[in-house]
Amino acid sequence: MQGNSSRRGSVAGLPAGSGSALPALLLVGLFFIVPVVALLLRSVTDPEPGLQNYAALFGSGTYVRVFLNTFLVASVVTAVTILVAFPVAWMLAIMPPALGSIVFGIIILSMWTNLLTRTYAWMVLLQRTGVINRALMGLGIIHEPLPLINNLAGVTIGMVYIMLPFMILPLVGTLRAIDPMTLRAAALCGASPFAAFRRILLPLSLPGVAAGGLMVFVMSLGYFVTPALLGGTSNMMLAEMIAQTVQSLLNWGLGSAAAFVLLVVTMALYAIQLRLVGARRTGGGI
Amino acid sequence: MTRPFLSIRAVRKTFGAFVAVHDVTIDVPKGEFLTFLGPSGSGKSTTLYAIAGFQDPSSGDVLLEDRSLLSVPPHKRNIGMVFQRYTLFPHLSVAENVAFPLRVRRRPDGEIKRKVADMLALVRLENFADRHPGALSGGQQQRVALARALAYDPPILLMDEPLSALDKKLRQEIQAEIRRIHRETGVTILYVTHDQEEALHLSDRIALFREGRIEQIGTGEDLYLRPASEFVAGFIGNSNFLPAEHLQTADGASTIRLAGGSIVTGVKATTSFGQGQNVRLMVRPEAFRLTPTPTSVALAVEIVDTAFFGDRRRVVARTAGGDEIDVRPTSDAEVGDSTATSGQRIFFDPASAFLFPA
């Protein structure tokens, strides 16, 4: 900071070039901070001042169930995403760079495709008379269509698919930093491939798993489109509930309270993760 | 008859059309310190990796006490290895790194604790047990790697250029440690290096690799004093090569004519040469004298440079034929005469010189 403050164009101790970040900072300030404050105010003033919206939220079995379900779905999606992403990330980490960038491109490409399109595509694939059920029945593997949509399975499949890149990217970074020679050394020390994975690769990749996992978990907590289209009425998630509360019931106070609780939970999780990963870095010498 | 402890039989490794290792065969007795020496790409590391199980040979076999290792996966070979790069597990303490091979073998805690203490004492790092590898110097890390590789009493220890990342002083220090550990444990060591001094210092025997083949295998003295080829003579120690013409050989002694015209008689002939065949005369720098001895022959030279290295001097001389010679006078008295630059003579005993085909 001190070294930078003498540079041309710097303002009062800020690094040079801070000025060009101003538009983005204004944007975040105006369109994020201000609405969040407005949201908070609304949750304690609408329809009248007090905490009755929060009381209603935590007092009602229905709303508590939506909260629990939201966490359940986010947890399942995060766990499955980690399991699916890990082998892909490992493959990318040890692949020759030229081939790796092609596979990387494919993964990024999926992120650029419209979310709604991809979710509708899953509806076509997963429904009772969808491609997957008909193929399985045609092959004689099943006789009755599997319930793949409008339930937890449907939401999980659709969301894992969307979340994969967010898990793979940080994980590849962490895995690339691990010297493959370390695993060879572990093998010669007598570690079976599974033991080497459990005792060496997994602990060394934890920072990446934590970073990606938090990202996926937080994004899943507030997800709307995919749970709304692929989920069932019995496992509604928080974002959908907020939308209904505001749009159908016109209860802005309650919707604001729910949105604010979601924000607080998200930030608390982020703080915990920072703490854990930060502590590992200094203590573990990674 | 005693069977060899470790037997490398006609091991061959090809990568496409490239033959990295050509049918290498070596028998290693138990407890030997054998070094694979050679320039990079000579097949020494590939041979070592075939023993470790990281690379399957294209043909041939590796037998340990008469049982083939090839079908055994690396983690079941029970072989110790120290790598060129630091391969300690960064998230584990020094003690846990050394304990790792014992933990995966599910040894009881008491035994692990005892063994880790023994191993850290062996590499003299008792006070570093709770540190993490990141807090150790390169030399300390390689000593921990050595302790980790020996913790499970492997019959063979492989070392793949373990000191190449260290500076010279540290390298010599750890070489002494390795010698001591070899003496104390009696483990059979296969050691790969491209550093001939390291090989001479450490090994019972040296296998000198060249382009995937073993050029010569023997003790350091064999390779230094009785080199089988010009390549060996050039790779081990310093050598001067002077172009010459072979005139005749009688009773195992050859007569040659050097490029400058001088005739030298009584050179040891290891192979037979035809009359008039071009040869190269090899003389070690320390075989040259600045003063004559009863059996020596003289060479007219011009002194180009003298340099002082503390315990020795180095004199660069140029022959009448224009070849530069590296001379290592062994005492200060000899150097006294070499201040003048031209019209000098240096001497060598023809019996200490070798002839190789040109």
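## Exercises on chain B

Strands S7 (residues 156–160) and S8 (residues 188–193) of chain B run parallel and pair over five bridges. Pairing requires at least two bridges found by DSSP. Strands are DSSP runs (E, at least two residues), as are helices (H or I, at least four), numbered from the N terminus.

The model is predicted: local features need pLDDT of at least 70, side-chain atom pairs count only at pLDDT 80 or more, and totals for chains, interfaces and linings use all residues. Residues are numbered from 1 along each chain as its sequence is written, and chains are lettered from A and ligands numbered from 1 in the order in which they are written.

**Exercise 1.** Which residue in S8(B) stands opposite Leu157(B)?

*Solution.* Go to S8(B). Ile189(B) stands opposite Leu157(B).

**Exercise 2.** Is Gly321(B) buried, exposed or partly exposed?

*Solution.* Step one: locate Gly321(B) in the loop between S17 (313–319) and S18 (324–327) of chain B. Step two: count. There are 14 other C-beta atoms within 10 Å. Step three: apply the cut-offs. Buried needs 20 or more such atoms within 10 Å, exposed 12 or fewer, and partly exposed lies in between, with C-beta atoms placed from the backbone. Gly321(B) is therefore partly exposed.

**Exercise 3.** What separates the C-alpha atoms of Gly321(B) and Leu242(B)?

*Solution.* Along the chain, these residues are 79 apart.
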